[in-house]
Amino acid sequence: MRVLSVSRWLRGAVRAPSGGPGSPQVPQPGRREREVTVDVLDHLEHLALVDFRDSEGVERLQKAIQFADQLHEVNTDGVEPMDSVLEDRCLYLREDDVTEGNCTKELLKNAKEKVEEYFVAPPGNIPLPKLEE
Amino acid sequence: MAAAARGCGGVWCRVWQCGAGGSAPRGQCSVAGSARSAAVPAGKSGLAPWVPVVGLEIHAQISSNSKLFSGSQVQFAAPPNSVVSFFDASLPGTLPVINRRCVEAAVMTGLALNCSINKRSLFDRKHYFYADLPAGYQITQQRVPIAVNGTLSYSLCTDNKMSQMVTKTVRIKQIQLEQDSGKSLHDDTRSQTLVDLNRAGVGLMEVVMEPDMCCGEEAAAAVRELQLILQTLGSSHAVMAEGQLRVDANVSVHHPGEPYGVRTEVKNINSIRFLAKAVDHEIQRQIEELENGGTVLNETRAFDSKLGCTVPMRDKEGKQDYRFMPEPNLPPLILYDTKSLPANMNHQQVVNIDWIHERLPDLPSVKRAKLVEQYGILPEHSFTLLNEDGLTEFFENVVKHTQMKPKKVIGWILNDLLSYLNQHSLTVKESPVSSSILADLLNLLERKEISSTAAKQVLVELWKGEGKTPLEIVKEKKLELIQDQEALEQICQAVIDGQENEVMAIKAGNHKVLNKLIGLVQRRTQGRSNPVLVKQLLEKKLLE
């Protein structure tokens, strides 16, 4: 059986700050309860621009991670991770012809604000305020 | 900052100049032969030498009709958001479909840079938030790119006269296919950003070079050569001014024998000239910082061309975590060669590496070697010919239409034509003097109908572009060489008669004074005498 490698990132992100995000390691068996610290939460919110808002949100996140962690009960020694069910297909190549575009009006229809056919965006990313726990 | 001697060997040493008046010490770079050989002795300055390390990440826009994953047009300066498809705007329900031409361009470039082409490469998503990246991620090739492990050879001149060239190589770590982002126009007065997605989704080849370079000049030479290669292949027009070639430099310094220092990334470099400046400035800044007891931060800096220095970039808070993940909508990209090609495949679905390899055009290095061999010009000349757009064709045209030897023609091309064009900021195509007109002029010279001084005078007239032929100008200004030998003899005699002292000196054995007499004859004939003939006549009269 194969395992999606995305869960590795999830696990790697939620750990005591020393490890740092994105550095996957095999967890010790029996260590199911893991704390989601303020720093980690901040980092996640900053990356994903998601506001966990309150303790209920954090609790839900915690539970989601625990649920996903069950995947590690599977022994995957010596098995290559699968990253796409399309792995046996070949990428289809399209001819270099211009077939789309010229739909400025349509694209701008849903824009909240526009200036002379440009989309308007706030100046740079707006970071979420730091958590105060 | 005093410029390093051309083609630095890799070791910089700061020598403080204690100027009177306590002016701020200006760093002066002295250069050792090679980073590996003995560096500038520390005893000379009292300071340990520094080894700068420069690596480049280059993004080249692929020259194609449509974008990498969608069918909208690749068009520079189109009206805002007019060449944008639903996929480029990241509207839900759209999927990427890869453009065959972009794949071929990447394979061509990989082969030209001596890379191994991965017959199976994969696509990934690189996530970050920015208004000009509507999907919130860029599709790139982080795990298994299309080409790896290549080399790029380039040349540097080791002195200012361009008479000695040295060849260097930089390793190419990989080449990957990826999407370009849209463009942001910052409107600070209204505190908003205007977004144009015309560029979003255009195919890019990212060429990652290993940190094998050591100064701005090397970086500039390497990028120039890459630019020429891309333009020769046609895989990218690589015009930096139009954003088709973007270079980010990674710079660090360390002492020999110690581990590499912290590196900074320098962005916003808009020309090859600025690249050299930006890199050299950053090296200098880091050396100064470290020698003053400070530290170098691992940050991103922008090059400010007006100030001529690098400044910290805004909008780069903290270290980015791109959360790479495989692109689930794209299966692996499979390439074939003649051995691995299955029998019944649809041609349209096949990119055959061997087929592409056979059809690669002559790369710049090959073209230069051919020019040197065919025309007997110097290697440095071949560099200049290839460096200017259209100059090689111009030169070859002139050679075709004139009896003058190519070795002599090249002098006129490089010294007279090119310097004039440069002075007036003209391209070869804009030259008021065409190759056939120059050929006509050189023919007059070669047939000894005019002197070379006269030829230069004619050229000055021709630059005006008034449509006159060289012959017309020669007749108009009476620049023809005097063909009448008798008349010439008379003038020589007149000069001899008028210069008693010089004549005595010559007869006494000082033949150098002959040149003065030749000069006087030239003046009397208003430059219309053939100096070789005049010399012969004078010698006949005085030394027999």
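How much space lies in the largest cavity? I looked it up in this predicted model. The largest cavity holds about 50 Å³ of space.

**Ground rules.** I number residues from 1 along each chain as its sequence is written, and I letter chains from A in the order in which they are written. Local features need pLDDT of at least 70 and side-chain atom pairs count only at pLDDT 80 or more, while totals for chains, interfaces and linings use all residues; side-chain values use heavy atoms, without hydrogens and water.

**Cavity.** I found one cavity of 30 Å³ or more in the structure. A cavity is a set of points on a 1 Å grid over the protein atoms alone where a 1.4 Å probe fits but cannot get out, and lining residues have an atom within 4 Å of a point. The volume is the space filled by probe spheres set on the points. Chain A gives Asp83(A) and Ser84(A) to the lining of the largest cavity. The lining divides into six nonpolar, one polar and three charged residues. Ala, Val, Leu, Ile, Met, Phe, Trp, Tyr, Cys and Pro count as nonpolar, Asp, Glu, Lys and Arg as charged, and the others as polar.

**H13(B) and H16(B).** Next I checked helix packing. H13 (residues 485-498) and H16 (residues 531-543) of chain B pack at about 60°, with axes 10 Å apart. That makes H13(B) oblique to H16(B). Oblique is what remains after under 35 degrees (roughly parallel), over 145 (roughly antiparallel) and 65 to 115 (roughly perpendicular). The crossing of H13(B) and H16(B) is right-handed. Their contact (heavy atoms within 4.5 Å) includes Leu488(B) and Ile496(B) from H13(B), and Leu537(B) and Lys541(B) from H16(B). The residues of the contact of H13(B) with H16(B) are eight nonpolar, two polar and two charged.

**H6(B) and H7(B).** I then turned to H6 (residues 364-375) and H7 (residues 379-387) of chain B. Their angle is about 125° and their axes lie 9 Å apart. H6(B) and H7(B) are therefore oblique to each other. H6(B) passes H7(B) in a right-handed crossing. Among the residues that meet are Lys367(B) and Leu371(B) in H6(B), with Phe383(B) and Leu386(B) in H7(B). I read seven nonpolar, one polar and two charged residues in the contact of H6(B) with H7(B).

**H8(B) and H10(B).** Last, I looked at H8 (residues 391-401) and H10 (residues 435-446) of chain B, whose axes come within 8 Å and cross at roughly 45°. The crossing of H8(B) and H10(B) is right-handed. This contact has five nonpolar, four polar and no charged residues.

Conventions:
Axes fitted to C-alpha atoms, helices over the stretch in contact; angles between N-to-C directions. Helix = DSSP H or I, 4+ residues; strand = E, 2+ residues; numbered from the N terminus. Left-handed = near helix turned anticlockwise from the far one by under 90°. 1 Å grid on protein atoms, 1.4 Å probe; cavity = no way out; pocket = protein on both sides within 12 Å on 5 of 7 lines; lining within 4 Å.
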